[in-house]
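Hi everyone, thanks for making time today. I'd like to talk about salt bridges, so let's bring the structure up.

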Amino acid sequence: MTDILQQDIMYLTGVGPNRKKLLNAELGISTFGELLEYYPYKYVDRSKVYQIDELTGDMPFVQVVGHILSFETFDMGPRKERVVAHFTDGTALLDLVWFNGGKYARDHYKIGQQYMAFGRPSVFNNRIQIQHPDMEAWGGEVQEANSYLSLRPYYNTTEKMKKYSLTSKGVERLVRNLLEKLTEPLPETIPLHITSKLHLISRDQALRAIHYPQDAKELSRARVRLKFEELFFVQLNILRYASDQRRKYGGYVFPRIGDVFNTFYHYHLPFSLTDAQKRVMHEIRNDLCSGRQMNRLLQGDVGSGKTLVALMTMLIAIDNGYQACMMAPTEILAEQHLATIQDFLKGMAVRVELLTGVVKGKKRKEVLDGLLDGSVQILVGTHAVIEDTVQFSRLGLVVIDEQHRFGVAQRAKMWGKGSHPAIPHVLVMTATPIPRTLAMTLYGDLDVSVIDELPPGRKPIQTTHVFDSRMTSLYDGIRRQIQAGRQVYVVFPLIEESEKMDLKNLEQGFETLCQVFPEYRLSKVHGRMNPRDKEEEMQRFVRGETQILVATTVIEVGVNVPNASVMVIIDAQRFGLSQLHQLRGRVGRGAEQSYCILVTNYKLSEVTRKRIDIMCETNDGFRIAEADLKLRGPGDLEGTQQSGMAFDLKIADIARDGQLVQMARDEARIVVDEDPLCNSAKYQLLWQRLNEIRKTNINWGAIS
């Protein structure tokens, strides 16, 4: 039976070589199995046939059986006509209307013959009508088919397919032909002890019911089974990969909390840790003592104190005789981390150095020599630190800021930096809050820690929504803030599709602001600038020489200017939720009250309005990320490394199937714990199926 699902789609009744080419090009379907996994996108209840005299104009889709009495054609202007068929079932009259395709209807449908007409009824000139109905000759096969159809499946198709008569109905016919051909039960992919424990129906039942469910309950059970299976194999693959990595590579053991850590903790800590920071430190401490490599994702909103946690972790490495390294995505961010760390460690005998593209000549040689002889204890840098020329004496810990800028391959490259057989511990920090379900799927090889409270003294940022007709009062507000000694960001969108227009808007916006605020100095930054000029403009703002920074989203990651208290986002409707939240995080870094102003025009879609409302309601990055995932789907969440998911989910939805993701994760964890070497007979079926899936074009490597 496995073989029949691998069979070429060309040999299915109704396909042939031309349609095979079309199905492959348009939907990626080339085998029986792939057609079976092309699921309907909606279902319409076709169990009831209505009488025409029961119909009203506010009903959803209905079907009626009757015959055409006559056709009428109305001229609608040049080369346009409206064709109306007067249709009856003996109880009343109904108009079937075509605004296009009328000629086909007139030529094709015969007066006096029985048809089933299906569509949404409406009222026009006091008569019930159905526009562009689905028509089927009634009697014989159709009557039989409809007698067992209660929920009718509808399939997505393309314009090109419709030209070859492969409409939703055409695809349905192919699926029906296939299911009739599959006389044996379809093979199971998950062992019975798992499906029965979770009360899941068999794969055979699920695949048949997903196309032709008898009722909503059967459809729901089929969906749960197929979604679980999809998510389960994703999780199984990730956890198997993580388990292999851990078995292959030991981690250094850091048993000591010594003088360096204690001196810092007792005498240099500027404020006491929040409960969330303490909890995360315990989790990290357990990893460092476990003998296996730490691979931990540290999530926390901007300003939640992730850098402090990272620094304390680095001090534990130093106390145990190892070096630590911190990687940041940009030079300006690396320099800020260096400044923050040096500030924290002021007066302590810890050697911290910077290594970026800017560090050259004699200074660079000093740093490289210090790494080799072990005198440099903490290195902060950009990805320049993974170049082959950079070698450490004993690298024990790598901290990576902003995960999505560094792929798995780059993480792995860091492992060759020490002269020891074990590999450095890895702590990945991200200020992009990732919903748990997505984190489990994208960063499945990392354990997740969350800092979910802000340090004391931080005031929540006030976010307001302003229409662009009220710019004058907005300018007055900005002027008041600058007069009080604050600085202001003004961000314009720069979206690639309309880049020329956007740059023009930014330039015009900059000119306007120069005219509105002649008494202040302004900086301008966008990604198309020469990196040196961009850096210089940023630094002028950081040093307080300019009061307003006009920028695109290049400032989304990383500039830390405690004195900046206002973030104005122009055309906020064009940004995603996560991006808006990231931008907002650039302010609120000092003790002063900070503000984020979202400027839009009046024309907002419902989704955009929801997005803006959520931003004004909450500062909680996790709530925002959950909402973003639900509004946008996982394919284009900003700040997480995907552009489209790294794997193909045909039916599951990470945003809406959170419970199933967790259930799949738990079951996969049991399997990997019980059978880490993948050789137990109990789970043979699973490993075999995972290998089959891995042979397809799914990019599993991008996940794990």
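One cut-off before we start: I'll call a residue buried when its relative accessible area is under 20%, exposed when over 50%, and partly exposed in between. Please keep in mind that this is a predicted model.

Let's begin with Glu 667. Is this residue buried or exposed? Its relative accessibility is 7%, which falls under 20%, so Glu 667 counts as buried. Glu 667 has a salt-bridge partner, Lys 197, with a distance of 3.0 Å from N to O. Glu 667 sits in helix α24 (residues 658–674) and Lys 197 in helix α8 (residues 192–197), so this pair ties together parts that are 470 residues apart in sequence. Lys 197 itself is partly exposed, at 46% relative accessibility.

Asp 95 is buried at 10% relative accessibility, while Arg 127 is partly exposed at 34%.

Arg 351 is partly exposed at 26%, and Glu 353 is buried at 11%.

Some salt bridges share partners: Glu 37, Glu 188, Arg 203, Arg 225, Glu 229, Lys 650, Arg 689 and Glu 692 are joined into one network.

And how many salt bridges are there? The count comes to 33.

Terms used: Residues numbered from 1 in each chain as written. Predicted model: local features only at pLDDT ≥ 70, side-chain atom pairs only at ≥ 80, totals over all residues. Heavy atoms only, no water. Salt bridge = Lys/Arg side-chain N within 4 Å of Asp/Glu carboxyl O. Buried < 20%, exposed > 50% of the residue type's maximum accessible area, 1.4 Å probe, protein only. Helix = DSSP H or I, 4+ residues; strand = E, 2+ residues; numbered from the N terminus.
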